[in-house]
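Please walk me through this protein structure in short steps.

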Amino acid sequence: MGSLFCIITHKLNLTVGIIPSLNVAAGLLGFFFVKSWTGFLSTLGFSVRPFTRQENTVIQTCVVACYGLAFSGGFGSYLLAMDERTYQLIGVDYPGNRAEDVLNPGLGWMIGFLFVVSFLGLFSLVPLRKVMVMDYKLTYPSGTATAMLINSFHTNTGAELAGKQVSCLGKYLSISLSWSCFKWFFSGIGDSCGFDNFPSLGLALYKNTFYFDFSPTYVGCGLICPHIVNCSVLLGAIVSWGFLWPFISQHAGDWYPADLGSNDFKGLYGYKVFIAISLILGDGLYNLIKIISITVKEIWNNRTKQNNLPIIKEVLDSESSKLLMQQKKQDEIFLKDRIPSWVAASGYVGLAAISTATIPVLFPALKWYLVLSSYIIAPALAFCNSYGTGLTDWSLASTYGKIGLFIIASVVGGNGGVVAGLVACGVMMSIVSTAADLMQDFKTGYLTLSSAKSMFVSQLIGTAMGCVIAPLTFWLFWTAFDIGSPDGPYKAPYAVIFREMAILGVEGFSELPKHCLAICCGFFVAALVINLLRDVTPAKVSQFIPIPMAMAVPFYIGAYFAIDMFVGTVILFVWERMNRKGAEDFAGAVASGLICGDGIWTIPSAILSIFRINPPICMYFGPSLSR
């Protein structure tokens, strides 16, 4: 399961960069596999212990920790930003883009890097687990939802529904796998063949990337992601590819030289990347300030409540009494298997010492004292992110990573600042992301009556698996496909964006194309204003206001995946209107099946590509020729 979910995460990371939560699919498949195994053993006459919710929780935790590294490991962002393709794409003569700041992916150094940075986040907040889960009673919405799902599997009615959900997932997995296999036969050689380039909305719109590309993965993402996210992505596509890029293209020869290639940063390509960066940074900065302020306010409120609450005796009815007994049992089990604070502290200090000594050997540009400084401030940032995730379900790990990237890149300067900034981004992202994931899993364990020590050990095992499986599955993509090609399916959009951020940190804004800085400032302010409007307007209005971070993604990649995700959201919307209960029960299973089936096809498709076995047919569309 860890390998499958790593492959799915890599595919999404290297194509569009949007990764929906796969926790529900992990819990459901874990239940299915073990139930099938125990059922098989029972038919052979073996005595089998019942499969418990605690075991289900441990499996889910381990899988999520494993595939989490496929994202936080930077295989589609900061690690890939160091490679030669990204360096050449930005331009060998581009100021600040030096050939010395190139490091191509290698299995050895990637596995080593993940092992030295990925475990620190697990030890950083362990002593605060009681404070976060029991004292502050943070909700951790995803962790709570996963716990409720797992709890429901292990009831009679829930087990029956889970069986139907697994059957539904298997059905759509088979459909998705068969369709992906069928599509392959028509995809020919090159990047303009097959259903992935089907001008379903006409050739004029196809030129501006508006077409439905028949991708089960993106339709599945549309079924999982909230309606507002899918609509925001489509709106971003319409604003950028429908209006902004055609408008800027009309000024070719004035704003930028007209004879530049389509991927030259001094031309339209530069506008695409920098405006996307400005939206991402505006959204990230606003949410960072918002969540830190919410965190400080909540902590202050909790302290004043504890100091001012009068002592009263409350008369409880039978239902309240049951809930109180349940909570008491949860508290007792959660606190029973204590993880001593000295273990957490010594683990963090020891791993930080190893990492501080090792990272400068792997990346000489990042000096040991900069690594040590990162590890000193990281626990505070990890706490802010974990607390914010508990309140809002929004992890800002990539935003903290970008802050580290800018600071370290500017401190190191022109002599190695790009690589130093990218590595620092990885260090910060790994700690902040894994700490939030661990607290999310502690909440799941608390609600499923699972041992906290088991959850922690499961996270350790899952992280160790991820340190090996995530690079190996990435290597499958790296050797089989043309990763980073702006005209291919695996564009790796965030590799270019992260390298450009590092160059900006070193060089400043002097080399942007004409009027690009003014447009970027406009979109940066727009991101702040839109987020502010989402927070100050009533819920019935704010639910229709788009999310700038989601809008930014198609600015660089194209509109085709936005069409696919919108198709997914329309299907879900109609389904909810016709049969809300059915949609709530089975939409996640259908989406997971579509995503998993397409992800599984990646393996045989990569093997065929490695052996240079090409699809036999190129299905191509062009304008009809007049006689």
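Cys-618 is partly exposed, with a relative accessible area of 43%. Here buried means under 20% relative accessible area, exposed means over 50%, and partly exposed lies in between (1.4 Å probe, protein chains only). This is a predicted model, in which local features need pLDDT of at least 70 and side-chain atom pairs count only at pLDDT 80 or more, while totals for chains, interfaces and linings use all residues. Residues are numbered from 1 along each chain as its sequence is written, and side-chain values use heavy atoms, with hydrogens and water left out.

Cys-618 has a partner. A disulfide joins Cys-193 to Cys-618, with an S to S distance of 1.9 Å. The pair links distant parts of the chain, 425 residues apart. Cys-193 sits in the loop between helix 9 (156-184) and helix 10 (203-207), and Cys-618 in the segment after helix 25 (580-610). Helices (H or I, at least four residues) are DSSP runs, numbered from the N terminus. The test for a disulfide is a pair of cysteine sulfur atoms within 2.5 Å. By this rule the count comes to one disulfide. The torsion about the S-S bond of Cys-193 and Cys-618 is about -80 degrees, so the disulfide is left-handed. Cys-193 is buried, at 5% relative accessible area.

Cys-467 is buried, at 0%. Cys-516 is in no disulfide either, and the nearest cysteine sulfur, in Cys-520, is 3.9 Å away. Cys-516 is also buried, at 0% relative accessibility.

Now look at the core. A nonpolar core is a set of buried Ala, Val, Leu, Ile, Met, Phe, Trp, Tyr and Cys residues joined through side-chain atoms within 4.5 Å. The largest one has 180 residues, of which Ile-359, Tyr-375 and Phe-442 touch the most other members. Helix 18 gives the largest share of this core, 18 residues. Contact means heavy atoms within 4.5 Å. Leaving aside neighbours within four places in sequence, the contacts of Phe-442 include Arg-129, Phe-334 and Met-455.

Two loops deserve a look. Most residues other than glycine have a negative phi. Leu-449 has a positive phi, near 60 degrees. Leu-449 lies in the loop between helix 18 (417-447) and helix 19 (452-480), and is buried at 15%. Ala-492 also has a positive phi, near 50 degrees. Ala-492 lies in the loop between helix 19 and helix 20 (493-507), and is buried at 1%.
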